[in-house]
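My notes follow in the order in which I checked them.

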Amino acid sequence: AEEGIARLISTHLAWVVDNRREANFLFEISRSEWAQDVRDGRMARNATVAEGVEAWRAPLVANGDLLPMQASLLFSQIIGPAQFVCRAWLSGRDPADPRDHADALIACAVRALTAKGER
């Protein structure tokens with residue numbers, strides 16, 4: 001479970017840093033009504049990612065490694081804090097590379113999502 005959580009967070013942070021222009025665009029279009037076609041394409045890609053994450057998550061929930069919760073809550077606990085860090089970096093409010101926060105973000109997600117975090 002911890003390895004998968006770490007990969008999801010690290011991959012997200014790396015993508016934002018390596019694709020700053022595209023990441024900034026995606027963060028901005030989420031607020032824009034004119035970008036419905038772009039938003040539809042992003043939703044289709046997100047659905048594919050969600051299917052992969054569910055295939056990873058389901059057996060871990062079944063064996064007790066991950067706490068049972070709705071997929072949307074799982075994503076919010078994994079990606080939500082990383083999104084906050086990335087938005088601060090993209091806007092210039094925080095000059096630190098988002099990847100510098102990976103260990104703390106991973107540790108927080110592990111505590112929030114795993115049976116290990118309940119102890």
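I began with Arg99, which counts as partly exposed because its relative accessibility is 37%; I call a residue buried under 20% relative accessible area, exposed over 50% and partly exposed in between, with a 1.4 Å probe and protein chains only. Arg99 forms a salt bridge with Asp97, with 2.5 Å between the closest N and O atoms, a salt bridge being a side-chain nitrogen of Lys or Arg within 4 Å of a carboxyl oxygen of Asp or Glu. Salt bridges with shared partners join Asp18, Asp97 and Arg99 into one network.

Asp18 counts as exposed because its relative accessibility is 55%. For helices I took DSSP runs of H or I with at least four residues, numbered from the N terminus, as I would strands (E, at least two).

Before going on I noted that the model is predicted, so I read local features only at pLDDT of at least 70 and side-chain atom pairs only at 80 or more, while totals for chains, interfaces and linings use all residues. Residues are numbered from 1 along each chain as its sequence is written, and side-chain values use heavy atoms, without hydrogens or water.

How many salt bridges does a search of the whole structure find? I found 4, among them one between the side chains of Arg7 and Glu3, at 2.6 Å from N to O. Arg7 and Glu3 are 4 residues apart in helix α1 (residues 2–18), so about one helical turn separates them. Both Arg7 and Glu3 are exposed.

Next I looked for disulfides (cysteine sulfur atoms within 2.5 Å of each other), and the structure holds 0. Cys86 counts as buried because its relative accessibility is 0%, whereas Cys108, at 43%, counts as partly exposed.

I then turned to helix α4 (residues 71–91), whose 21 residues should span 30 Å at 1.5 Å a residue, and its end C-alpha atoms agree with this at 29 Å apart; the expected span is 1.5 Å times one less than the number of residues. A kink of about 35° lies at Ile79, shortly before the proline Pro81, the bend being the angle between axes fitted to the seven residues ending at a residue and the seven starting there. The buried residues of α4 include Leu74, Ile78, Ile79 and Trp89. Gly92 follows α4 and has a positive phi, near 90°.

Arg57 lies in helix α3 (residues 36–62), and I count this residue as buried because its relative accessibility is 10%. Leaving out residues up to four places away in sequence, Arg57 touches Leu66, Met69, Gln70, Ala71 and Leu74, where contact means heavy atoms within 4.5 Å.

Of its 26 residues, Ile5, Ile9, Leu13, Ile78 and Leu113 touch the most other members. α4 supplies the largest share of this core, 8 residues. Beyond four places in sequence, the contacts of Ile5 include Trp56, Leu66, Ile78 and Leu113.

Methods. A nonpolar core is a set of buried Ala, Val, Leu, Ile, Met, Phe, Trp, Tyr and Cys residues joined through side-chain atoms within 4.5 Å.
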